[in-house]
Amino acid sequence: PASKNQGAPSSPLMRAPPPCGSAPTPPVSMAVSARSQASSKIREFDLINALKQRYGSASPRLVQGIGDDAAVIASSPNRDYLLTTDLLAEGIHFNLRTATLIDIGFRAAAANLSDIAAMGGIPVYFLVSLAVPRSATVRQVEQLYDGMMAACRAHRVELIGGDTSASKGGWFVNIMLIGSAEPGSVLLRSGARVGDDLYVTGTLGDSRAGLHMLEQPRGMTQARSVRPANRRYLMRRHLRPTARIHEGRWLSKAGWATSAIDLSDGLSGRLRHLCAESGVGAVIELAALPISSACRQYALSVKRDPPVLALAGGEDYELLFTVPARQRTRFARASAQRQFRMTRVGRMTPAKEGLRMM
Ligand code: ADP
Ligand code: MG
């Protein structure tokens with residue numbers, strides 16, 4: 001509320017509201033459709049842009065506001081704050097038929113951790129807001145937290161607060177994660193340059209394949225011929241994604257990457273965001289896309305082309321990033337030494353060439 005802000009207008013987190021007479025801005029359309037992933041994503045993008053224009057901050061302490069994986073605030077000469085938040089709604093982002101509350105908690109935390117990873121930051125604290133159906137038990141809420149804590153423990157991220165409400169319509173889980181980074185080191189979506197190589201961490205398409213396995217009872221799935229060990233691997237990749245914190249830190253601290261975004265959605269859509277923010281185009285080499293043998297087996301069993309599946313994918317929480325091409329040999333050697341799986345999948349081109357597949 002504006003009244004809370006009036007005490008200390010000099011603080012970057014407490015700016016005074018604009019004067020009442022400021023020019024009116026056009027209304028924002030609130031039509032966010034969840035009917036189809038694709039159309040809702042495009043509309044969501046337009047909505048966020050409109051919100052940014054109308055309400056976004058222009059504080060000089062704000063290094064990055066709306067439009068990247070996390071907001072970046074300059075806090076002191078040697079520290080920037082990173083802030084990100086993510087909301088999961090039952091029936092939209094998860095359902096209790098295909099995931100336990102432990103899985104849902106883990107995924108919710110991983111989604112936020114992944115945003116900090118994509119900025120090259122260190123995750124530090126988190127807050128959780130919950131809306132819980134009246135039929136839920138304390139044990140279920142504990143399971144949700146067990147999942148969140150499991151994802152956060154590896155990075156020593158600690159719970160510091162939240163909010164709790166009843167819900168008339170399923171579970172809602174919101175996490176806000178706070179991180180930090182060295183000033184000037186964060187990886188933005190806007191830093192890619194023409195001629196940079198394009199890379200991804202890990203493998204693509206596993207999560208989508210795993211979700212398909214979880215959604216269809218074993219005997220009914222088209223993908224009957226996928227081996228049990230591969231099925232388990234794919235389902236785990238969906239339920240327990242790994243946020244690439246170590247990779248993101250290394251890419252930013254050692255100064256390798258010029259830009260990064262996380263794959264909280266399919267590669268092709270995320271690359272579009274990266275290109276738009278950087279003002280460049282890109283060409284992807286389909287044959288170079290890293291695909292696990294399990295995902296290949298799945299793709300073939302459902303008669304899909306593995307690279308097409310990998311491109312569309314979604315929620316792999318890998319990092320998509322760019323590195324200047326002149327560093328290619330040194331980068332390959334250094335990332336292999338670190339035992340990071342990082343695959344060159346294309347390069348950045350002039351914006352007028354758009355997004356091409358090779
Ligand atoms: P990601 O997929 O990385 O989680 P999103 O697509 O959710 O990113 O959001 C893109 C950008 O828009 C982020 O900077 C985010 O903070 C901002 N954003 C998303 N929703 C809203 C909202 N309702 N109000 C203000 N900013 C938002
Ligand atoms: Mg993100």
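Begin by selecting Leu 320 together with the residues that it touches, where contact means heavy atoms within 4.5 Å: leaving out residues up to four places away in sequence, these are Leu 198, Tyr 199, Val 200, Ser 259, Ala 260, Ile 261, Leu 263, Leu 267, Arg 270 and Leu 271. The model on your screen is predicted, so local features need pLDDT of at least 70 and side-chain atom pairs count only at pLDDT 80 or more, while totals for chains, interfaces and linings use all residues. Residues are numbered from 1 along each chain as its sequence is written, chains are lettered from A and ligands numbered from 1 in the order in which they are written, and side-chain values use heavy atoms, with hydrogens and water left out.

Stay with Leu 320, which belongs to strand β10 (residues 319-323); strands (E, at least two residues) and helices (H or I, at least four) are DSSP runs, numbered from the N terminus. Leu 320 counts as buried because its relative accessibility is 0%, where buried means under 20% relative accessible area, exposed over 50% and partly exposed in between, with a 1.4 Å probe and protein chains only.

Is Thr 322 buried or exposed? Thr 322 is buried, with a relative accessible area of 0%. Its side chain makes a polar contact of 2.6 Å with the side chain of Thr 258, and another polar contact, also listed at 2.6 Å, with the side chain of Ser 259. A polar contact is a pair of N or O atoms within 3.5 Å; within protein, one must be able to donate a hydrogen and the other to accept it, and residues adjacent in sequence count only if both atoms are side-chain atoms.

Now colour strand β8 (residues 259-262), which has both faces covered: Ser 259 and Ile 261 on one side, and Ala 260 and Asp 262 on the other, are all buried. In a regular strand the side chains alternate between the two faces of the sheet. Strands β8 and β10 run antiparallel and are joined by 4 bridges, and two strands pair if DSSP finds at least two bridges between them. To see one of these bridges, select Ala 260 and its partner in β10, Phe 321.

Move on to ligand 1 and show the residues around it, among them Asp 68, Asp 115, Arg 189, Asp 262 and Arg 270; a residue is near a molecule or strand if one of its heavy atoms lies within 4 Å of it. An oxygen atom of ligand 1 is 2.9 Å from a polar backbone atom of Asp 68, and an oxygen atom of the ligand lies 3.0 Å from a polar side-chain atom of Arg 189. The protein covers 62% of the 550 Å² of accessible area that ligand 1 has on its own, with areas from the Shrake-Rupley method and a 1.4 Å probe; for residues, only the protein chains shown count as cover.

For the last stop, select helix α5 (residues 206-215), which is largely enclosed by the rest of the structure because 7 of its 10 residues are buried. These buried residues, including His 212 and Met 213, pack against α3 (101-119), α6 (228-239) and α9 (293-301). Finally, zoom out to the whole protein, which has 11 helices and 12 strands, and in which buried residues make up 46% of the 358 residues.
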